[in-house]
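I opened a new notebook page for this chain. My plan was to look at the whole fold, then at one residue.

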Amino acid sequence: RAVGEGRICLYGPPGTGKTAFGHHLAQALDRPLLVKRASDILSPYLGETERNIATMFAEAHADGAVLLLDEADSLLRDRQGAVRSWEVTQVNEMLTQMEAFNGIFVASTNLMDSLDGAAMRRFDARVQFGYLHATHAVTMFCKLAEKLGLVADELARAAVSRLAVLTPGDFAAVGRLCRLARPATA
(Lines give C-alpha, C1' and ligand atoms only; values in the text may rest on other atoms or scores of the structure.)
Protein backbone atom coordinates (compact mmCIF):
# COMPACT_ATOMS: atom_id res chain seq x y z
CA ARG A 1 0.00 0.00 0.00
CA ALA A 2 2.83 2.38 0.86
CA VAL A 3 4.59 1.90 -2.49
CA GLY A 4 1.48 2.36 -4.61
CA GLU A 5 2.73 0.35 -7.54
CA GLY A 6 3.26 -3.25 -8.48
CA ARG A 7 2.66 -5.87 -11.12
CA ILE A 8 0.97 -9.07 -9.98
CA CYS A 9 0.15 -12.21 -11.95
CA LEU A 10 -2.70 -14.32 -10.57
CA TYR A 11 -2.88 -17.77 -12.10
CA GLY A 12 -4.74 -21.02 -11.68
CA PRO A 13 -7.78 -22.96 -12.84
CA PRO A 14 -11.01 -21.16 -13.79
CA GLY A 15 -13.31 -20.21 -10.95
CA THR A 16 -10.66 -20.10 -8.23
CA GLY A 17 -11.14 -16.41 -7.41
CA LYS A 18 -8.45 -14.61 -9.39
CA THR A 19 -10.75 -11.89 -10.70
CA ALA A 20 -12.53 -11.60 -7.36
CA PHE A 21 -9.15 -11.05 -5.72
CA GLY A 22 -8.47 -8.14 -8.10
CA HIS A 23 -11.78 -6.57 -7.03
CA HIS A 24 -10.91 -7.15 -3.36
CA LEU A 25 -7.45 -5.63 -3.79
CA ALA A 26 -8.84 -2.42 -5.30
CA GLN A 27 -11.38 -2.17 -2.49
CA ALA A 28 -8.73 -2.82 0.19
CA LEU A 29 -6.52 -0.10 -1.34
CA ASP A 30 -9.52 2.23 -1.62
CA ARG A 31 -8.86 2.74 -5.31
CA PRO A 32 -11.13 2.52 -8.31
CA LEU A 33 -10.86 -0.65 -10.38
CA LEU A 34 -10.47 -0.71 -14.15
CA VAL A 35 -11.25 -4.15 -15.55
CA LYS A 36 -10.24 -4.99 -19.10
CA ARG A 37 -10.64 -8.18 -21.07
CA ALA A 38 -9.10 -9.20 -24.37
CA SER A 39 -12.40 -8.39 -26.10
CA ASP A 40 -12.04 -4.77 -24.92
CA ILE A 41 -8.57 -4.47 -26.41
CA LEU A 42 -8.10 -6.74 -29.41
CA SER A 43 -8.93 -5.22 -32.77
CA PRO A 44 -8.86 -6.60 -36.31
CA TYR A 45 -7.21 -3.38 -37.51
CA LEU A 46 -3.43 -3.19 -37.67
CA GLY A 47 -2.02 -1.09 -34.84
CA GLU A 48 -5.36 -0.61 -33.10
CA THR A 49 -4.73 -3.30 -30.46
CA GLU A 50 -1.43 -1.67 -29.52
CA ARG A 51 -3.22 1.69 -29.27
CA ASN A 52 -5.91 0.13 -27.07
CA ILE A 53 -3.23 -1.35 -24.78
CA ALA A 54 -1.60 2.07 -24.35
CA THR A 55 -4.99 3.67 -23.72
CA MET A 56 -5.84 1.06 -21.08
CA PHE A 57 -2.70 1.86 -19.08
CA ALA A 58 -3.13 5.63 -19.56
CA GLU A 59 -6.73 5.44 -18.34
CA ALA A 60 -5.74 3.47 -15.23
CA HIS A 61 -2.93 5.95 -14.51
CA ALA A 62 -5.19 9.00 -14.94
CA ASP A 63 -7.85 7.53 -12.61
CA GLY A 64 -5.38 6.15 -10.05
CA ALA A 65 -7.12 2.83 -10.63
CA VAL A 66 -6.00 -0.71 -10.04
CA LEU A 67 -5.81 -2.17 -13.53
CA LEU A 68 -7.09 -5.73 -13.79
CA LEU A 69 -6.47 -7.51 -17.09
CA ASP A 70 -8.61 -10.63 -17.08
CA GLU A 71 -7.40 -13.56 -19.20
CA ALA A 72 -4.08 -11.80 -19.76
CA ASP A 73 -2.69 -14.74 -21.72
CA SER A 74 -4.50 -13.34 -24.77
CA LEU A 75 -2.11 -10.37 -24.77
CA LEU A 76 1.00 -11.86 -23.17
CA ARG A 77 1.32 -15.08 -25.14
CA ASP A 78 4.85 -16.36 -25.67
CA ARG A 79 6.29 -14.64 -28.74
CA GLN A 80 8.28 -17.75 -29.65
CA GLY A 81 5.04 -19.26 -30.95
CA ALA A 82 4.03 -16.17 -32.93
CA VAL A 83 3.26 -16.71 -36.59
CA ARG A 84 2.49 -13.13 -37.62
CA SER A 85 4.47 -9.97 -36.89
CA TRP A 86 1.50 -8.22 -35.26
CA GLU A 87 1.35 -10.98 -32.64
CA VAL A 88 4.85 -9.96 -31.58
CA THR A 89 4.15 -6.21 -31.61
CA GLN A 90 1.08 -6.66 -29.40
CA VAL A 91 3.09 -8.51 -26.77
CA ASN A 92 5.92 -5.96 -27.12
CA GLU A 93 3.46 -3.13 -26.46
CA MET A 94 2.08 -4.91 -23.40
CA LEU A 95 5.59 -5.45 -22.05
CA THR A 96 6.56 -1.84 -22.62
CA GLN A 97 3.41 -0.54 -20.97
CA MET A 98 3.77 -2.90 -18.00
CA GLU A 99 7.34 -1.73 -17.47
CA ALA A 100 6.41 1.96 -17.58
CA PHE A 101 3.20 1.74 -15.52
CA ASN A 102 3.57 3.23 -12.06
CA GLY A 103 0.29 1.94 -10.65
CA ILE A 104 -1.09 -1.42 -9.59
CA PHE A 105 -1.43 -3.88 -12.49
CA VAL A 106 -3.05 -7.26 -11.92
CA ALA A 107 -3.06 -9.86 -14.68
CA SER A 108 -5.11 -13.03 -14.33
CA THR A 109 -4.70 -16.17 -16.41
CA ASN A 110 -5.69 -19.81 -16.54
CA LEU A 111 -2.77 -20.49 -18.90
CA MET A 112 0.38 -19.56 -16.99
CA ASP A 113 2.60 -21.81 -19.10
CA SER A 114 1.72 -19.91 -22.26
CA LEU A 115 2.92 -16.51 -21.02
CA ASP A 116 5.98 -14.88 -22.53
CA GLY A 117 9.13 -15.21 -20.43
CA ALA A 118 9.74 -11.47 -20.57
CA ALA A 119 6.31 -10.89 -19.05
CA MET A 120 7.15 -13.24 -16.22
CA ARG A 121 10.23 -11.16 -15.38
CA ARG A 122 8.12 -8.01 -15.18
CA PHE A 123 5.77 -9.35 -12.50
CA ASP A 124 6.75 -8.46 -8.94
CA ALA A 125 4.65 -11.33 -7.62
CA ARG A 126 3.06 -14.44 -9.05
CA VAL A 127 0.24 -15.89 -6.97
CA GLN A 128 -1.20 -19.32 -7.67
CA PHE A 129 -4.89 -19.92 -6.98
CA GLY A 130 -5.91 -23.54 -6.56
CA TYR A 131 -8.86 -25.74 -5.81
CA LEU A 132 -10.60 -25.54 -2.46
CA HIS A 133 -9.37 -27.65 0.42
CA ALA A 134 -12.08 -30.13 1.51
CA THR A 135 -12.90 -28.18 4.68
CA HIS A 136 -13.35 -24.94 2.73
CA ALA A 137 -15.53 -26.67 0.14
CA VAL A 138 -17.76 -28.07 2.89
CA THR A 139 -18.00 -24.63 4.49
CA MET A 140 -19.07 -23.07 1.18
CA PHE A 141 -21.53 -25.91 0.61
CA CYS A 142 -23.10 -25.42 4.04
CA LYS A 143 -23.39 -21.65 3.54
CA LEU A 144 -25.06 -22.15 0.15
CA ALA A 145 -27.45 -24.76 1.57
CA GLU A 146 -28.33 -22.43 4.44
CA LYS A 147 -28.93 -19.54 2.02
CA LEU A 148 -31.34 -21.80 0.13
CA GLY A 149 -33.08 -22.87 3.34
CA LEU A 150 -31.79 -26.43 3.03
CA VAL A 151 -30.12 -28.69 5.56
CA ALA A 152 -26.59 -29.84 4.71
CA ASP A 153 -26.72 -33.22 6.43
CA GLU A 154 -23.65 -35.32 7.26
CA LEU A 155 -24.00 -37.51 4.15
CA ALA A 156 -24.08 -34.47 1.82
CA ARG A 157 -21.13 -32.81 3.61
CA ALA A 158 -19.11 -36.00 3.35
CA ALA A 159 -19.86 -36.27 -0.38
CA VAL A 160 -18.71 -32.68 -0.95
CA SER A 161 -15.51 -33.24 1.07
CA ARG A 162 -14.52 -36.07 -1.30
CA LEU A 163 -14.69 -33.84 -4.40
CA ALA A 164 -11.14 -32.73 -5.15
CA VAL A 165 -11.62 -30.05 -7.79
CA LEU A 166 -14.18 -27.60 -6.45
CA THR A 167 -13.78 -23.84 -6.76
CA PRO A 168 -15.69 -20.84 -5.42
CA GLY A 169 -16.90 -20.40 -9.00
CA ASP A 170 -18.57 -23.82 -8.84
CA PHE A 171 -20.60 -22.74 -5.82
CA ALA A 172 -21.53 -19.47 -7.52
CA ALA A 173 -22.75 -21.41 -10.59
CA VAL A 174 -24.80 -23.78 -8.44
CA GLY A 175 -26.30 -20.78 -6.62
CA ARG A 176 -27.36 -19.23 -9.93
CA LEU A 177 -28.81 -22.55 -11.09
CA CYS A 178 -30.80 -22.85 -7.87
CA ARG A 179 -32.53 -19.54 -8.65
CA LEU A 180 -33.96 -21.23 -11.74
CA ALA A 181 -34.75 -24.65 -10.27
CA ARG A 182 -34.71 -24.82 -6.51
CA PRO A 183 -33.56 -28.23 -5.23
CA ALA A 184 -35.63 -30.15 -2.67
CA THR A 185 -32.53 -31.19 -0.68
CA ALA A 186 -28.95 -30.17 -0.27
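What percentage of the 186 residues of the protein chain count as buried? I looked it up: 40% of them do. I note that this is a predicted model.

**Entry: fold.** I counted the elements next. The protein chain has 8 helices and 5 strands. I then read their order along the sequence: β-α-β-α-α-β-α-β-α-β-α-α-α.

**Entry: extent and contacts.** I checked the box along the principal axes. The C-alpha atoms fill roughly 55 × 40 × 30 Å. I also looked at contacts between residues at least 6 apart in sequence. Of these, 75% join residues at least 24 apart.

**Entry: surface and charge.** The protein chain exposes about 10,600 Å². Carbon and sulfur atoms supply 55% of that area. For charges, I found 20 positive and 21 negative. Their mean positions lie 5 Å apart.

**Entry: S108.** Where does S108 sit? I found S108 in strand β4, which covers residues 104-109. Is S108 buried or exposed? S108 counts as buried because its relative accessibility is 1%, and the cut-off for buried is under 20%.

Key. Residues are numbered from 1 along each chain as its sequence is written. This is a predicted model: local features need pLDDT of at least 70, side-chain atom pairs count only at pLDDT 80 or more; totals for chains, interfaces and linings use all residues. Side-chain values use heavy atoms; hydrogens and water are left out. Helices (H or I, at least four residues) and strands (E, at least two) are DSSP runs, numbered from the N terminus. Buried means under 20% relative accessible area, exposed over 50%, partly exposed in between (1.4 Å probe, protein chains only). Contact means heavy atoms within 4.5 Å. Accessible areas come from the Shrake-Rupley method with a 1.4 Å probe; for residues, only the protein chains shown count as cover. Lys and Arg count as positive and Asp and Glu as negative; His and the chain ends are not counted. The place of a charge is taken as NZ of Lys, CZ of Arg, CG of Asp or CD of Glu.
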